[in-house]
Amino acid sequence: MSAKLTYKALRKAVAKGINANPQSIKIYQKGKVLINGSFKNIDKEYIVTGVVYVSKTNEIKVDTDVRGTSNINKNYEMVIDNTIEIESDSRCLTTIECVEGKFKVTYVNIYAVEGKIAGYECGLERLD
């Protein structure tokens with residue numbers, strides 16, 4: 001027997017992950033988007049519910065200065081549902097604000113099955 005992933009099951013899993021620690025997130029998208037063969041300027045602001053968490057990587061920046069040493073972890077990720085369409089490319093700058101601070105979206109992974117989008121996973125880089 002093989003198990004088949006359905007849209008309903010994936011949507012439920014995304015919702016369960018967000019409901020573990022829901023946060024209100026402001027998303028700002030600014031730049032140019034290709035629509036019907038031409039570029040259109042966009043300047044959008046959304047407020048969504050999602051979750052922002054520290055990703056587990058080995059990319060930790062250590063700064064040593066005369067005043068002391070600090071460890072900076074800029075590797076965060078965000079999961080949101082499919083209520084908005086989020087983009088991240090060289091022509092469109094997407095930033096977010098949440099309780100953890102201000103971040104820039106570096107990549108977007110789409111959770112999709114059966115031709116439907118169930119949610120998004122985004123890589124974040126701390127700006128402040």
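The ring centres of Tyr76 and Phe103 are 4.9 Å apart and their planes meet at 55 degrees, so the pair is tilted; planes under 30 degrees apart would count as stacked, over 60 as edge-to-face, and the rest as tilted. Distant parts of the chain are linked by this pair, since Tyr76 belongs to strand E5 and Phe103 to strand E7, 27 residues apart.

The model is predicted, so local features need pLDDT of at least 70 and side-chain atom pairs count only at pLDDT 80 or more, whereas totals for chains, interfaces and linings use all residues. Residues are numbered from 1 along each chain as its sequence is written, and side-chain values use heavy atoms, with hydrogens and water left out.

**Accessibility of selected residues**

Buried denotes under 20% relative accessible area, exposed over 50%, and partly exposed in between (1.4 Å probe, protein chains only).

| Residue | Relative accessible area | Class |
|---|---|---|
| Tyr76 | 13% | buried |
| Phe103 | 0% | buried |
| Gln29 | 3% | buried |
| Asn36 | 81% | exposed |
| Glu114 | 46% | partly exposed |

**Overall architecture**

The protein chain contains one helix and eight strands, in the order α-β-β-β-β-β-β-β-β from the N terminus. Helices (H or I, at least four residues) and strands (E, at least two) are DSSP runs, numbered from the N terminus. Of the 128 residues in the protein chain, 33% are buried. The accessible surface of the protein chain is about 8,600 Å², and 50% of it belongs to carbon and sulfur atoms; these areas come from the Shrake-Rupley method with a 1.4 Å probe. Among contacts in the protein chain with a separation of 6 or more, 58% are between residues 24 or more positions apart, a contact being heavy atoms within 4.5 Å.

**The nonpolar core**

In soluble globular proteins, nonpolar side chains tend to be buried together. Here the largest nonpolar core has 16 residues, and those with the most contacts inside it are Ile25, Met78, Ile80 and Ile96. Such a core is a set of buried Ala, Val, Leu, Ile, Met, Phe, Trp, Tyr and Cys residues joined through side-chain atoms within 4.5 Å. Two or more residues of this core come from each of strand E1 (23–35), strand E2 (38–54), strand E5 (75–81), strand E6 (92–98), strand E7 (101–113) and strand E8 (116–126). Beyond its neighbours within four places in sequence, Ile80 has contacts that include Val14, Ile18, Ile25, Ile27, Val48, Gly119 and Tyr120.

**Strand E1 and its partners**

Strands are paired if DSSP finds at least two bridges between them. E1 and E2 run antiparallel and are joined by 13 bridges, while six bridges join E1 to E6, also antiparallel. Tyr28 has Thr95 in E6 as its bridge partner. Gln29, located in strand E1, stands opposite Lys44 in E2. Residues up to four places away in sequence aside, Gln29 touches a set of residues including Ile42, Lys44, Tyr46, Glu85, Cys92 and Thr94. The C-alpha atoms of Gln29 and Tyr46 lie 8.6 Å apart, with the two residues 17 apart in sequence.

Most residues other than glycine have a negative phi.

**A charge over a ring**

Lys116 lies over the face of Tyr7, at 5.1 Å from the ring centre. The criterion is that NZ of Lys or CZ of Arg is within 6 Å of the ring centre and within 35 degrees of the ring normal.

Note on methods: Rings of Phe, Tyr and Trp (its six-membered ring) pair if their centres lie within 6.5 Å; planes under 30 degrees apart count as stacked, over 60 as edge-to-face and the rest as tilted.
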